[in-house]
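Welcome! Please take a moment to look over the sequence and the 3D view before reading on.

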Amino acid sequence: MSPIAYTALIIAAAVVLFVTNRVPVVLVAMGTALSLWATGVLTLPQALGGLGDPAVIFIAALFVVSSGLEVTGVTAWAGQLLIKGAGEDSRTRLLLLTMGLVALLTALISVNGAVAALLPVVVVIAVRLKRNSSQLLMPLVFAAHAGSMLALTGTPVNVLVSEASMDAGVGGFGFFEFALVGIPLLAGSMAIMILFGQKLLPERNGATMPADFSRHAKTLVEQYGLASGIYQLRVRATCPYVGQPAAAIDLSAYPGLQLVAIQEGESASPLRRDAIAEGDHLLLRGDAEAAANFAATLHLAFRDESAASGAGEETLFNRRSGLAEVVIPPRSGLIGESVFPGMVTDSGDLIILAVQRSGNEIVGENATTQAGAIVLEAGDTMLLQGTWKALDTHLDDPDVLVVSSPELVRRQAVPMGPGAQQAVIILFGMVLLLATGIVPPAVAGLLAAGAIILTGIMTVEQSYRAISWTTVILVGAMMPLSTAMVETGAAKLLAERLVVMVGDAGPMALLAGLFVLTAVMGQLISNTATALIVIPIGVAAAASMGISPKPVLMSTAVAAAGAFLTPIATPTNLMVMGPGGYAFSDYWKLGLPLLIWFFIVAVFIVPLIWRF
């Protein structure tokens with residue numbers, strides 16, 4: 001068999017395996033690369049070279065930056081703005097804000113990151129406003145697809161077509177150059193979904209809905225009896241406790257007032273120094289009047305108004321610190337250990353605020369001293385307080401089961417948390433580098449990802465977990481297929497056949513033919529994998545017709561973004577299927593009008609911007 005025949009068989013097998021979804025896509029992609037080597041179509045360095053391609057490195061770096069924005073609460077902040085601006089009555093305003101926000105986020109942090117960040121927010125909005133989630137989630141995803149054409153970082157396909165344009169010798173696309181078609185795509189898509197979405201979408205709710213952590217802190221403090229009566233007092237320079245050890249604090253004259261913990265300055269972590277210093281905080285529990293008298297006598301200041309009112313959720317759950325509930329499982333090493341409210345854990349970073357057994361708080365006569373210690377049993381629950389970093393670090397312990405991950409809670413409930421300012425600066429720095437072209441995209445992405453880690457926003461281990469390795473390996477392993485199509489002449493042959501088919505109809509007919517090919521394949525297999533197959537065909541066809549490859553490549557990118565007709569077209573389409581209660585047939589009803597609009601833009605508007 002000829003190399004072209006081998007390549008055709010490998011492509012056909014890959015498409016069938018992608019469509020049937022019986023084999024993991026990662027194995028299909030790696031099998032494709034290895035098959036090209038085994039049949040002699042490519043050398044081993046060529047077959048595995050895609051895994052080290054700069055475009056693949058850039059895509060991996062984008063996942064880290066996206067996760068950094070989510071971890072620091074930037075996306076939660078954006079979600080809260082959405083809830084505040086949407087109101088309760090206007091469907092149009094709600095859809096406009098939702099689709100506009102997801103499109104903007106997608107342009108900066110990719111489709112998967114934007115939809116994953118806003119999915120729980122939109123579901124919560126649907127619950128609170130008593131709207132069907134099916135009416136909101138598909139517009140969210142489809143607007144993200146349109147928004148992916150607003151900037152280079154919107155989707156891996158944009159990076160691939162820009163790289164292909166540079167390889168073709170006509171220069172890459174600028175960072176915001178995609179917006180020339182992205183804005184019409186987004187505006188038309190939003191108009192279609194607002195005007196026709198209500199009739200074309202089902203009226204359903206999903207069987208499984210993501211948890212809402214927006215009131216998590218309030219729920220915990222109420223459950224553990226801390227809704228009021230928790231006070232955080234700042235040590236002033238004139239306080240007599242300055243320079244004294246923690247044992248010097250005497251509350252005997254203030255019955256009903258208990259010292260929970262002493263926290264270091266702005267870090268909010270338990271005091272580790274031998275002496276109390278100005279700026280440290282005393283965390284007290286008890287009567288409001290007693291707390292006010294104690295503060296006035298000892299020259300202590302309430303942190304803010306919420307602290308003065310004893311609002312537990314504001315005092316214990318904020319940008320610096322949070323709460324976590326843990327359960328003592330059977331066979332835990334902590335069974336039989338003695339603890340008491342106010343006790344600092346062995347790590348020195350977490351404070352035990354309360355202990356419950358069978359849903360009832362255990363409080364002894366001397367509950368906040370070793371004399372009133374509680375002997376832990378299996379099934380007991382503890383409420384822990386500490387900095388977010390400490391909660392993330394020290395709750396990965398087999399002796400306890402965490403009820404709700406502090407990281408997930410923080411992402412939803414703490415807008416613009418620690419590191420948010422640095423994350424936004426890093427994002428804008430990366431966008432500036434990409435927009436100006438001072439460094440290659442891969443370098444800009446790596447610098448941004450490195451800055452996320454160096455500033456302490458994420459650890460190296462967290463950055464590993466943030467990367468969607470399925471996407472990275474899929475792109476890297478499928479890239480050699482594009483190389484094979486060029487090396488064997490398959491791309492040139494297909495391009496010539498396509499040129500013959502369109503005949504004298506001209507280059508616009510070529511765009512129409514490529515759009516249909518890309519759009520049809522993109523409904524069945526990954527749009528990234530589709531683009532890797534179609535890009536070399538388009539470039540070769542443009543060369544055969546003697547026209548610029550730029551409009552051909554941009555039209556291909558638009559077609560690849562139009563993955564609307566099936567839930568398996570993209571991970572985000574599948575992501576909303578459960579929460580939205582969608583059936584397979586629901587997608588094409590709204591997706592078909594959108595795909596027609598994408599066809600109009602790709603075939604008739606693109607050539608007006610990038611001339612043949």
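The report below walks through some strands and helices. Keep in mind that this is a predicted model.

**A sheet of four strands**

Let's begin with an open sheet built from 4 strands, in the order β2-β3-β1-β4, with antiparallel pairing. Its edge strands are β2 (258–263) and β4 (300–302), and each of them pairs on one side only. From one strand to the next, the twist averages 30°.

Inside this sheet you can follow β1, residues 230–235, alongside β3, residues 281–285: the two run antiparallel and are joined by 5 bridges. To find your place, look for I230, whose bridge partner in β3 is R285.

**A covered strand with two partners**

Next, turn to β10, which spans residues 381–387. How many of its 7 residues are buried? The count is 7 of 7, and the strand is described as mostly covered.

Strand β10 pairs with β5 (residues 321–327) in the antiparallel sense, over 7 bridges. It also runs antiparallel to β7 (residues 350–357), with 6 bridges joining them. A handy landmark here is L383 in β10: this residue is the bridge partner of E325, and it is the bridge partner of A354 as well.

As a general point, side chains in a regular strand alternate between the two faces of the sheet.

Now for the helices. The table sets out two packed pairs.

| Helix | Partner helix | Packing angle | Axes apart |
|---|---|---|---|
| α9 (residues 156–167) | α24 (residues 549–561) | about 170° | 10 Å |
| α22 (residues 507–522) | α27 (residues 586–609) | about 150° | 10 Å |

Take the pair of α9 and α24, which pack at about 170°. Because angles over 145 degrees count as roughly antiparallel, α9 is roughly antiparallel to α24. The crossing of α9 past α24 is right-handed. On the α9 side, the residues in contact are V157, N158, V161, A164 and S165, and they meet K550, L553, A557 and A560 in α24. Sorted by class, this contact has 6 nonpolar, 2 polar and 1 charged residues.

Then there is α22, which passes α27 in a right-handed crossing. Here M508, L511, A512, F515 and A519 of α22 meet a group of α27 residues: L595, F598, F599, A602, V603, F604 and P607. Which classes of residue make up this contact of α22 with α27? There are 12 nonpolar residues, with no polar and no charged ones.

Note on methods. Residues are numbered from 1 along each chain as its sequence is written. This is a predicted model: local features need pLDDT of at least 70, side-chain atom pairs count only at pLDDT 80 or more; totals for chains, interfaces and linings use all residues. Side-chain values use heavy atoms; hydrogens and water are left out. Two strands pair if DSSP finds at least two bridges between them. Axes are lines fitted to C-alpha atoms, for helices over the stretch in contact, and angles run from 0 to 180 degrees between N-to-C directions. Angles under 35 degrees count as roughly parallel, over 145 as roughly antiparallel, 65 to 115 as roughly perpendicular and the rest as oblique. A crossing is left-handed if the near helix is turned anticlockwise from the far one by less than a right angle, and right-handed if clockwise. Contact means heavy atoms within 4.5 Å. Ala, Val, Leu, Ile, Met, Phe, Trp, Tyr, Cys and Pro count as nonpolar, Asp, Glu, Lys and Arg as charged, and the others, Gly among them, as polar. Buried means under 20% relative accessible area, exposed over 50%, partly exposed in between (1.4 Å probe, protein chains only).
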